[in-house]
Amino acid sequence: MMPSLNEYLMVSGLLFAIGFAGVLMRRNIIIIFMCLEMMLSAANLSLVAFWRFGNGNGMPVEGYEAQVLVFFVIAVAAAEVAVGLSIIVALFRARCTVHVEDLNSMKG
Amino acid sequence: MTIASIILLLPLIAAIAILLFTRKRATLSAYVSVISAGVCFLLTLGLISGSGEAGSFTWLRVGGLELKIALEITGLTKGMILVVTAVGLLVHIFSLGYMKDDAAKARYFTGLSLFMFSMTGIVLADNFAMMFIFWELVGVSSYLLIGHWFQKNSAAEASKKAFLVNRIGDFGFMAGILLLWGATGEVSFSGLEQVLDRETFDPALLNWAMICIFCGAVGKSAQVPLHVWLPDAMEGPTPVSALIHAATMVAAGVFMLAKVTFLIIEAPVAASVIQHVGALTALVAALMATQQSDIKKILAYSTLSQLGYMVMAVGFAGFVHSGDVLGASASNAGFFHLYTHAFFKALLFLGAGAVIYACHHEQDIWKMGGLLRLMPVTAITFLIGTAALAGLPPLSGFWSKDAVMAAAQNNTLLLIVGAMTAFLTAFYMSRLCTIVFLGKARSQASGKATEVPLVMRLPLVILAAGAVLSGFKFAYGWFLNPDDLPHPHGALPLVLTVIGIAGILAGYMVYRGRDRDPIKVEVFARKFYIDEIYLCLVRLLQDGLAYLAKAVDQLLIDGLIVRGSARLTSGVGSLLRGLQGGNLQSHAFLFGLGIVVIIYLITITFK
Amino acid sequence: MSFIELIIIIPIVVAVAIGCGGPARVLSLLAAWANLIFGVVVFAVILFKGGDGMHFQSARVLLDNPELTLGFAVDGMSGVLVLLTVIVTFCAVSMSPENPGKGSGKLYYISLMLIAAGALGAFCATDLFFLYAFHEVALIPTFLMIGIYGHGREKVATAWKITIYLGVGSLILLGGFIALYVNLSPSGGLTFDISKLATAQGQDPLSAEVQKWIFLPLLVGFGILVSLFPFHSWAAPAYASAPAPVAMLHAGVLKKFGLYGILRVAIPLLPEGFEAWKGLLLVLLLGNILYVGFVTISQRYLDRMLGNSSVMHMGYIFLGIACCNSIGWGGAVLMMFAHGISIALLFALCGSLRERLDTLEFSRLGGLAGSMPFLAVAFGFAAFASIGLPGFANFASEITIFFAAFSGERGFGHLQIATILALWGVVISAVYMLRAYRKIFQGECIEQSQASDLVQAHRLPVVLMIVILLLTGFFPNIILNIIPNLFGAL
Amino acid sequence: MFPYYLEICVVVLGVLMLCMELFSGRRSRGKIAMSGVVGLGVILALMIFSVCPPGDDLQYWGIYYYDKWAAFYKGLALLATLLVLVMAREFAPVFKHYTSQDEEESGLGEFYCLPVFVCAGLMWMASAKDLVTIFVSLELVTMGFYVLVAFLRRNVGSLEAGVKYLVLGALSTGFLVYGIAWTYGVSGTFSLEQLGDVLASGDISVGVVMFAFALLLVGIGFKIAVVPFQIWVPDVYQGAAMPVTAYLSVASKAAGFIVLLRVIDPFLAVPSLRDPVVYLIVFVTCATLIYGNLAAISQKNIKRLLAYSSIAHAGFLLMALPALRGTGTIHGPGAESAIAFYLAGYLLMTMLCFLVLTLVRVATDGEDLAALEGLGRRAPLLAFAMLVGVASLAGIPLTVGFFGKFFLFNIAIQNAMQSGLWVVVFVAVLGAATGFYYYFKIIRAMYWEVGVNEGGVSEIRVGRVAMLCIWVLMVAVLFFGIFPASLLGLTF
C-alpha cells in the first residue's frame, strides 16, 4: 500500500524539526550547518510529496515545477555549503575554534 | 486740547522730559517738575471757574469693546482736582527744601510728576476702565516713591508690600468692574447710572459687584483688612507721605466710592459692609495710633482712622432710614471730610517732615521735645492742624466731622464708634503735640533744631490757612451745595466739640512732662498683631502652596510623568537589548520562538 | 518672489552664507536689520490696507495629490506675529555676544537665523503642511544652541527634554493634521491649503463627534508647544539653560506658534471640536495661571522664575481664546505680541545679568541698582510690563481678555468664574516679579554689585523693546486695528 | 531593448571587473571600483532612457515581470550598488588593514566585484513574481552577502558576523523553502498570480494557507529585518565592513520589500484571509517599531545604532501594509507609492550617513559615537552632511525623510480611521519620538562634545568622487524634502 500525503508530510515535518533542534542544540558550527542542510532536505521532501499528491485525486500535478525548485534548492544548498565552509575555515584560522559559544564578541 | 487734558498730560510730559533729558541735572529736573505742578494748579483754577470742557480719546477698540480715555468734570471732580493740584504744588515746593541734598533728586521728582499724572487721571476719569488704569498707575508711582531709598531693606520691603496689597484690592476692583460690565455692558459712570435707572438688575449681582469694587477702595484707601501697607509706606520721604499717603492717593478710594454713590444706593448689603468696614478701620486705627512712638506712624494711623470715617460716611449713602435711602448727602459728607482732611493732614505731615528735617531725620517722638520754642512757625501750624483734626470749632475738621457723624446719626452703634474714635483722635494728637512741642528736648538733635527754610515754611502756612478755612461754605460751596450735606440733629455738634476738648485735655494731662509712655497696651502698640498674622498667612498659604506646587511639579508632573516615561522607555529598551545576547544559538532559539508565536497568533485569530 | 518670501529667505541665505565662511555676526546683523525694516514695511502695508485680507500672496504647487503648496501670505494676525518675530530676532542678534564661547560663532548665528526663518515661515505659510514644517525646522538649532552654548549643570538634560518633548508634541500635531485634512478636504481632491479647508468647513462641516476627536490631538500637540498645563515642564528649565538669544526667540516667538495654530487652524476648521473641549481648556489654563503661578513664586533663581512666568502667562492667552468672541481673540493676539516682546526683554536682561554675575540665585543678590542703574531701570520696565501695568501692551491685552470674558451673553457661567480666578494671577505675577526685583536690585549692596552696567551696544535693543511695549501700550489700536475679525469669519 | 538585458549587463559588468582584477597584478584596485561605478552609472542611464518608464507591464517566460515597481526597485538597486562601490573605494585602507596590505592578496578586487553580482540578484528580485524566481534571486543576493559580510578575514568581528549571518540566513532559507512547499501544496502553483486565483476561489483550507504564509513571512521578514526575525541585524551590521553594512541596510531591505509586497498581495486580496494577515502584520509592525526604537536608545556603537534604526524603519514601512487592497479609499499616495518613496529616501539618507561614517572610520579608528566627537569642528562639511542625513532619518521636516514618514502616517491614519487600528499609529508616534533621541545623540556627539583626541586625529581626506556623492546626496535629501513631487512621481 502506498503511503499517503500525510505520512510524507509527517516525515518531512519530523526531519525539519530534527534539523531545527540540531541547530539549537549542537555546539559545533559544522554540525549546525549539517542540520541546516537537513532542514532544506525536509522542505524538498514535502515539495516532492506535494507535487506527487497535489492534484486532489491522488495524481501528480501537471508539469515539473516542483522538481525544478527541488533542484534549485539542492544547488543553492551546495553553494551555501561552499560559502559557509570557507567562512568557517576562515573563522577557524582566526580564532582556532568552531564552537558557537566562542562567538560572543558582539552583544547588546 | 482742552484744559483738563492739559492738566492730565503736563505732568506726564514733565516726567518723560526728566527721564529722557534732564535726569543727570538734578536741580533742573526738580524745577521742571515744580513748574509743571504750578502750571497745573493755575490751569485747575481756570478749570474750576470755567464751564469745564472735557476731552476724549479712544484708547482701545476691538470687536464690541471700546475703552476710552475720557474726561468728566463734575462737582466732585472739581473739588478733588483742586485738592490734588493745590496740595501737590505745595508738596512739590516743600520737597525742594526737604530733598535738597538727596542723591536721586531727579528720580524723586520724576516719581512725583508721574504721580500727579496718575492721580489727575483718576480724578478726571469718566469710566471705570480709565479709572482702573490710573488706579494702577498711582500704585506704581507710590511704589517708586516709597522705595525711593531702595538701598534700605525696610524701604524696599515697604514699597513692595504697598504694591502687592494694592494689587489684592485691585483684583477685587477689576472683578467688580467686570461683573458690572457683564451685567450692563457699560463702564462709564454716566452710562452706568442711566442703565441702572432704566433697567432693573438682580440685586445680588449688584451687591456682589459693589463689594468687589469696594475691595479696590479697601486696598487703595487702606481699610481693614488691607490697611497694613500704609504705616509701612512711611518709609518714603515725608513729602510723599503728605501728598500720596495722606491727602490724595489714599483718598482716591473714597473719591471713587463717592463717584459711584448711585450704585451704593442700589446695593444696600454692600453699603452696610462699607459702613462697618469704615467704622472698624476708624476705631482700630485710632487705637493703634495711641501707642505709636514714630511721629509719621502716628499720623499714618490717624490717616487710616480718618479714611475710615470717610468710607463709613460714603457707605451710609445706601443706609435706609424709615423707608428713605440716605443717598448722595451721606457720600457728600464723606467727600467733604476728604476735602478738609486733605489740607490738615497734608499740613500735619509736612509739619512732621519739617520736624524730622530739623531733628536730622529723627522720627521717634520720645527723642524730641520743646520744639515750640525752637521752631515756632512749624509748631503753630502743626497745632492748628491738630485742632482741625480733633474737630475743634470753627476749624475745618469740625464741620466735616459733623457732617460725617450726622450721616451716621441714625445708626447708634456706628455713631458710638464714631464718637469714640473722635475722642481717641483728639487724645493721640494731643499726646503727640505734648511730647514733641512741649517739655524739654530729649535728645541732642532736638535740642539744636532750628526753624526750617522759607521754601518749607511757606507751604505750611498756606496749608494751615486751608485747614482753618476749608470747612466754611465759601471754601467748598462752589463744588458742593451745603444743603446736600446731612444735617446733624440738635446737640450732635456740641457733643463732638466736648469730646474733642476732652480728648485733648486727657492727652495733655497724661503726657505732660513725661519721658516715657505711662500707658502700655501691647496689643495696640503691636497693631493687634495683624502684621504677624499676615506674615504667617503668607508663609503658610502663599509660600506653602508655592512649595507644594513646586514639589508636585518636580515630583509628579516632571518627575513621575515626564521623566518617568522617559525612564520607562529607555528601561524597556535596555530590556529588549538584553534579548540580543550575542550567542548564535540563543538567536536561533528566539528566531524559532518568533515563528511559534506567529503561528500561535494565526491560530488564535482564526477563531 | 514676494516680499514675504524675501523676509523668510533672507535668514536662510545668510545662514548658508555664514556656513560658507562669511563673517557671522556682521551678516546676521545685516539680516536682522533688513528683516526689521522689511517687517515694519509689511506691517505698515497691512495697517494701510486692512488686516482682514491676505497680502503678499505667493504660491507654488509642489504636489498635486495631496495638494501641497509652498505658499505664503499675511493677514493681520500673521502680520502682528511677523512684526514680533523681526523685532525679537533683531534684538536677539544684537544682544548676541561677539564671540559666543566655544569655537567660532558660526553655528551660533546660523542657528539663530534658522530659528528666525522657521518662525517666519510658520507664521506666513498658507498651507497646513508648511505651517507645521517650518516650525519644526527650529528644533535642531534649538537643540544645538542649548547643548553647545547653554549654561548650568542641567543643560544637557534640558536640551534633551525640550527636544524630545517638542518632538512628541509635533508628532501628535502631525497626526491631528493628517486626520484633519483627510476628513475635511473637499471631495474633489485632498488639499493642505488652509483657506480651501476653511471653505470646505463652511460648506460641508464635519460631524461634531469627528471634530471632537480630531481636535484633541491638535489641542495636545499645540498645547505641548505652548507649554499648556500639564505639558509645561519642559519650558522653564530649557529657558533657564538656553543662551539668552535662544530663550528670547523661543519664549518670545516660537512659543506663539502653538497659539497661532489654534487660532489659525484648529478653531476655524473645527469649531465644534473646540466647543467640546472648552471646559477642559478652562481647567488647564487655570492650571497655567494659578498652579504654575505658585510654582513660579517658589523659584529661587531668576532664570527659572522667568521661564515659569512665561508659562504662566500663556494661560491668559488661552483664556482670551476660550472667550470665543472677537474681543477675546483680539486680546489674545495682542497678548502674543506683548508677551513676546516683554519676555524677550526679560530674558535679554537676565542674560546680561548672567554675564556679569556668578549666580542668579535671589538669596545671593541684592542692591545691584546702585552699580547698574540702566539695567535696573530697564528691568523695572520689563517687570512692570510683564505684570501687566497700564501703559504697557501687556495690560491692554490682559484687560481686553478680561472684558472679553464678560462680553456677549449676560450670564455668569464657567468662563466667568474661570476669569475671576484667573484675575488672581495678576496678584501672583506681581508677587514674584516684585520679589525678584526687590532681591536683585534693591536692598543692601552685595559684593558683586561692583559689576559693570550694560554696554552701550546692547542698550539699543533693550530700549527698542521698551519703547515698543510702551507705544503699543499707549496706543494698542495700532495692533488691534489690523487684527482681522477672526471670530466673525467663522 | 528587453528589460532583462539590464541584469545581463550587470552580470557582464561583474565578469568584466573580475577580468580586470585578474590582469591587474599588483597595481591598485581603485580602477576596478571606478569602472564598476561608471558601468553601473551607464546601466542606470540605459535603464532610464530606454526601458523606463515601462509602457505596459511586460512579462517574459512567466517568471520575469517588468512593471513600474520592478523598474523603480531596479533603479534603487543600481544606485545603491553604485554608492556602495564609491564607499568601498574610500574604505580600502581599513579593508587592507584587516586582510592584507598587498593589493593582490587583499582581495579588494573581488570585494569590488561582489556587490555588482549582488546587484544583479537584487534587480532580478524586483522582477520576480514567482516563488521559484524569488527563491533563486533571494539566494543569489544572500549568498553574495555571506561573502561580503565575512570578507574582512583578519577581523574577528567580521567573521563572527559572517557565521551568524550564515547560520541564521540559512535557517530562514529553510523556513522559506518549507513555506514555499506548503504554499505549493495548498495551491499547486508557484506563480503568485495563479496563487491569487486559487486563494480567491475559496476552495482552500484557511489554516494551512496561513501556516504557509507565516513560513513565507519568516523568509522575507529575515531580509527586511522585522521582529522577530531581526535578531541577526545588530551583530551583522556591527561586524561587517562599513560599505557592506550600508548595502545590507538599504538594498537588501528595498529588495525584500518589493518581494514582500508581491507575496502579500494575493493573501490580502482574499477577504477571508485579510483579517488574520492584517492582524499578523499589525503585530509584527508594532513589535518592530517598539523593538527597533527602544533598543536603539542606549546604543553607543554607531553601526549598531543604525542597525536598530534600520529595524525601526522597517517598522515604519510596514505601517502602510494593512492599507493594501483595503476596502476604503486611501487619499494621497497609496501604500506601494509611499513605501517606494520611503525606500528611495531611505537610500539617500542612509547612504549619506554611511558615506560620512566611512570617511570618519578611515580617519579615526573607532566605530563608537565617540569617534564622531568634535566632527563639527574637524570637518564642518562632513558634519553638516551627517546632520542632514540624521535629521532626515529622524524625520525632521524639509528633508526627504519627513515626507517619507508623512506619507506613511498619512496612510496609517486613514486606515486607522476606517478600520480602527489606532494602535499602530500610537506605537509609531512613540517610536518616532524615541527616534528623535537616538538620532540627536549623533548630532550631539558631532557638535556638543569637544573631541577628546582632537588634534591627534589625522585629517579626514575625501576623494573627489566621494565628495561629489556627498554633495549630491545632501542636496537630494534637502531638495526632495521640499519638492517631493519629482521623486513621488516615479512611484505612481
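In this report, helices (H or I, at least four residues) and strands (E, at least two) are DSSP runs, numbered from the N terminus. By that numbering, C:Pro230 is found in the loop between helix 9 (208-226) and helix 10 (235-241) of chain C. The structure described here is a predicted model.

## Chain B

Chain B contains 26 helices and four strands. Its C-alpha trace spans about 110 × 65 × 55 Å along the principal axes. Chain B has 607 residues, of which 59% count as buried. Among contacts in chain B between residues at least 6 apart in sequence, 82% link residues at least 24 apart.

Two of the strands form a hairpin. Strand 1 of chain B and strand 2 (residues 65-70) of chain B run antiparallel and are joined by six bridges. Within this pairing, B:Val62 is placed opposite B:Leu65 of strand 2. Two residues lie between the strands, and B:Gly63 takes a positive phi near 55° in this hairpin.

Helix 8 (residues 203-220) of chain B has 18 residues, and the distance from its first C-alpha to its last is 26 Å, close to the 26 Å expected at 1.5 Å a residue. Because 14 of the 18 residues of helix 8 of chain B are buried, this helix is largely enclosed by the rest of the structure.

## Contacts between chains

Five pairs of chains touch, and the pair with the most contacts is chains B and C. This contact takes 38 residues from chain B and 47 residues from chain C. On the side of chain B that touches chain C, strand 1 (56-62), helix 5 (128-146), helix 6 (153-184) and helix 25 (530-579) of chain B each supply at least two residues. Helix 6 of chain B gives the most to that side, with 14 residues. Sorted by class, the side of chain B that touches chain C has 24 nonpolar, seven polar and seven charged residues.

Chains A and D also touch: 34 residues of chain A are in contact with 33 residues of chain D. On the side of chain A that touches chain D, two or more residues come from each of helix 1, helix 2 (29-53) and helix 3 (65-95) of chain A. Helix 3 of chain A provides the largest share of that side, 17 residues. By class, the side of chain A that touches chain D consists of 27 nonpolar, four polar and three charged residues. In contrast, no contact joins chain A and chain C, and their closest C-alpha atoms lie 23 Å apart.

## The nonpolar core

The largest nonpolar core has 729 residues, and those with the most contacts inside it are B:Val254, B:Ile264, B:Ala346, C:Phe347, D:Ala77 and D:Leu352. Helix 14 (residues 335-363) of chain D gives the most to this core, with 23 residues. Why is helix 14 of chain D described as largely enclosed by the rest of the structure? The reason is that 29 of the 29 residues of this helix are buried. At 1.5 Å a residue, helix 14 of chain D should span 42 Å, and its end C-alpha atoms are 41 Å apart, which agrees. Beyond its neighbours within four places in sequence, D:Leu352 is in contact with several residues, including D:Ala385, D:Ile470 and D:Val477.

## Backbone details and exposure

Most residues other than glycine have a negative phi, and most peptide bonds are trans. The table lists exceptions to this pattern.

| Residue or bond | Feature | Value |
|---|---|---|
| B:Ala222 | positive phi | near 55° |
| B:Val224 to B:Pro225 | cis peptide bond | omega near 10° |
| C:Phe229 to C:Pro230 | cis peptide bond | omega near 0° |

B:Ala222 follows helix 8 of chain B, and B:Pro225 is in the loop between helix 8 and helix 9 (229-232) of chain B. B:His361 lies in the loop between helix 15 (328-358) and helix 16 (371-374) of chain B. Is B:His361 buried or exposed? B:His361 counts as exposed because it has 9 C-beta neighbours inside 10 Å. B:Phe528, in the loop between helix 24 (522-525) and helix 25 of chain B, is partly exposed, with 14 other C-beta atoms within 10 Å.

In chain A, A:Ala17 belongs to helix 1 (residues 5-25). A:Ala17 is exposed, with 12 other C-beta atoms within 10 Å. A:Met38 stands 21 residues away along the chain, and the C-alpha atoms of A:Ala17 and A:Met38 are separated by 9.4 Å.

Terms used
Residues are numbered from 1 along each chain as its sequence is written. Chains are lettered from A and ligands numbered from 1 in the order in which they are written. This is a predicted model: local features need pLDDT of at least 70, side-chain atom pairs count only at pLDDT 80 or more; totals for chains, interfaces and linings use all residues. Two residues are in contact if their C-beta atoms, placed from the backbone, lie within 7 Å. Ala, Val, Leu, Ile, Met, Phe, Trp, Tyr, Cys and Pro count as nonpolar, Asp, Glu, Lys and Arg as charged, and the others, Gly among them, as polar. Two strands pair if DSSP finds at least two bridges between them. A nonpolar core is a set of buried Ala, Val, Leu, Ile, Met, Phe, Trp, Tyr and Cys residues joined through C-beta atoms within 7 Å. A residue is buried if 20 or more other C-beta atoms lie within 10 Å of its own, exposed if 12 or fewer, and partly exposed in between; C-beta atoms are placed from the backbone. The expected span of a helix is 1.5 Å times one less than its number of residues.
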